[in-house]
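Could you go through them with the structure open?

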Amino acid sequence: MGSDDAPVCELSGIKLALEELTHIKVIAFGKKEEIEAYGLKHERLEYVYTDDKIIGTDDATTAFRLKKSASMIMAIQAVKDKKADAVVSAGNTGAYITAGLFMLGRIKGIRRPALATLFPTATKGKYFVFADLGAVVDATPEILNQTGIVGTQLAKIMLNIEHPKVGLLNIGEEDKKGTTLYVETNKLLRENHKVDFIGNIEPRYIMDGRANVIVADGFTGNIALKSYEGMQQTITTVLKREIMKSFGTKIGGLLIKPALKELKATLDYEGIGGAVLAGVKSPLIKAHGTTTSFQFSSAIKIATTFLEKDLVGEITKVLEKDTDK
């Protein structure tokens, strides 16, 4: 019930996921009349009905405390009760993170979980792990150092890279650039034997593929993510407007149409589906509030991958060997 077009996007995404992933089962939480109006039935799909939901304007802590029968909270409770293994939601990010953290708990040794996603590079089909995207806006150097460790494990699982290269998003490449937070984080990452740290990465270079993992505090990462999304939408709007201006530009548009399709395929993040709250004891996937059915099905596939490759177990093993907790 969390997306801008709920529950249509969620249900159509579930349908796609069930068709492709024949070994999974789905429990969907939401309003009975809206679900029944869509009419999706499947032998591996179970419904749990509730009229309550957390909306985008709800305060995260208040919603978590007072809306125990909200679809999002009930879904997380199902994982806590061992009735499910992972959660996917397109709802209120703050409430989702708060509920996931308090209801499921952190992996032992995790200071603060990070919201991480795969992000496209300028090379088609090549991605990097970007974290944190908004879970921790008041980070410390120790938290960001640990985000580098978690991001490394994500890159190993999602990108199949044995020794991922880690960069720190900053205003300059020099080690002493940026605020005290970033100068101290740079120092910790350089001393961290669990990551292959390549130094600071300026924002204009994050998509050139030099780093497999890029670390930022949640405030900075969220701004970078939304700036990219806004710029992508702006470029698309301007291109369409200019191509339709005259007969000549329309002809030119037809000639470059294959190139534009390749551009979209390279830079579009639709197939990624969402972000994972890495550091809690079960996979929690946050789909976009503006998710499409394809994106939501992709988010379900991400959750399945994390379960099959034991993301939580891999992070736990690395942190157990970490003497700096």
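1. Let's start with helix H5. This is a predicted model, and in it H5 covers residues 93-104, twelve residues in all. From first C-alpha to last, H5 reaches 16 Å, close to the 16 Å expected at 1.5 Å a residue.

2. Now the two ends of H5. At its start, a side-chain oxygen of asparagine 92 comes to within 3.0 Å of the backbone nitrogen of glycine 94. After the helix comes glycine 105, with a positive phi near 85 degrees.

3. Which residues of H5 are buried? The list is Ala95, Tyr96, Ile97, Thr98, Ala99, Gly100, Met103 and Leu104.

4. Not counting residues up to four places away in sequence, isoleucine 76 touches Tyr96, Ala99, Gly100, Met103 and Leu104, along with Val87 and Leu284. Isoleucine 76 is also among the residues with the most contacts inside the largest nonpolar core, together with Ile14 and Leu154.

5. That core has 94 residues. Helix H6 (residues 141-159) gives it its largest share, eight residues. While you're in H6, have a look at threonine 152, which sits in this helix. Is threonine 152 buried or exposed? Threonine 152 has a relative accessible area of 3%, so it counts as buried. Leaving aside neighbours within four places in sequence, the contacts of threonine 152 are Pro164, Val166, Lys194, Val195 and Val213.

6. With neighbours within four places in sequence set aside, valine 88 contacts Tyr96, Ile285, Phe296, Ala299, Ile300 and Ala303. As for lysine 126, it is 38 residues from valine 88 in sequence, and their C-alpha atoms are 24 Å apart.

7. Alanine 28 belongs to strand S1 (residues 26-30). Its relative accessibility is 9%, so alanine 28 counts as buried. Beyond its neighbours within four places in sequence, alanine 28 is in contact with Ile14, Leu45, Glu46, Tyr47 and Val48. Alanine 28 and isoleucine 14 are 14 residues apart along the chain, with 8.7 Å between their C-alpha atoms.

8. Now some backbone geometry to check by eye. Most residues other than glycine have a negative phi, and most peptide bonds are trans. Lysine 82 is not a glycine, yet its phi is positive, about 65 degrees. Where is lysine 82? This lysine is in the loop between H4 and S3. At 74% relative accessibility, lysine 82 counts as exposed.

9. Asparagine 160 is another non-glycine with a positive phi, about 55 degrees. Its place is in the loop between H6 and strand S6 (165-169). Asparagine 160 is exposed too, with a relative accessible area of 60%.

10. Please check the cis peptide bonds as well. One joins alanine 6 and proline 7, with omega at about -5 degrees; proline 7 is in the segment before helix H1 (8-20). A cis bond also joins alanine 131 and aspartate 132, where omega is about 10 degrees. Aspartate 132 is in the loop between strand S5 (127-131) and H6.

11. Finally, the chain as a whole. The secondary structure comes to twelve helices and ten strands. The radius of gyration is 20 Å, close to the 20 Å that the globule rule gives for 325 residues, so the chain is as compact as a globular protein of that length. Along its principal axes, the C-alpha trace spans about 65 × 60 × 35 Å.

12. How much of the chain is buried? Of the 325 residues, 50% count as buried. Among contacts with a separation of 6 or more, 68% come from residues 24 or more positions apart. The chain exposes about 16,200 Å², and carbon and sulfur atoms supply 55% of that area.

Note on methods. Residues numbered from 1 in each chain as written. Predicted model: local features only at pLDDT ≥ 70, side-chain atom pairs only at ≥ 80, totals over all residues. Heavy atoms only, no water. Helix = DSSP H or I, 4+ residues; strand = E, 2+ residues; numbered from the N terminus. Expected span 1.5 Å × (residues − 1). Buried < 20%, exposed > 50% of the residue type's maximum accessible area, 1.4 Å probe, protein only. Polar contact = N/O pair within 3.5 Å; in protein donor to acceptor, adjacent residues only side chain to side chain. Core = buried A, V, L, I, M, F, W, Y, C linked by side-chain atoms within 4.5 Å. Contact = heavy atoms within 4.5 Å. Rg over C-alpha atoms; globule rule 2.2 N^0.38 Å. Areas by Shrake-Rupley, 256 points an atom, 1.4 Å probe, with all protein chains shown as cover.
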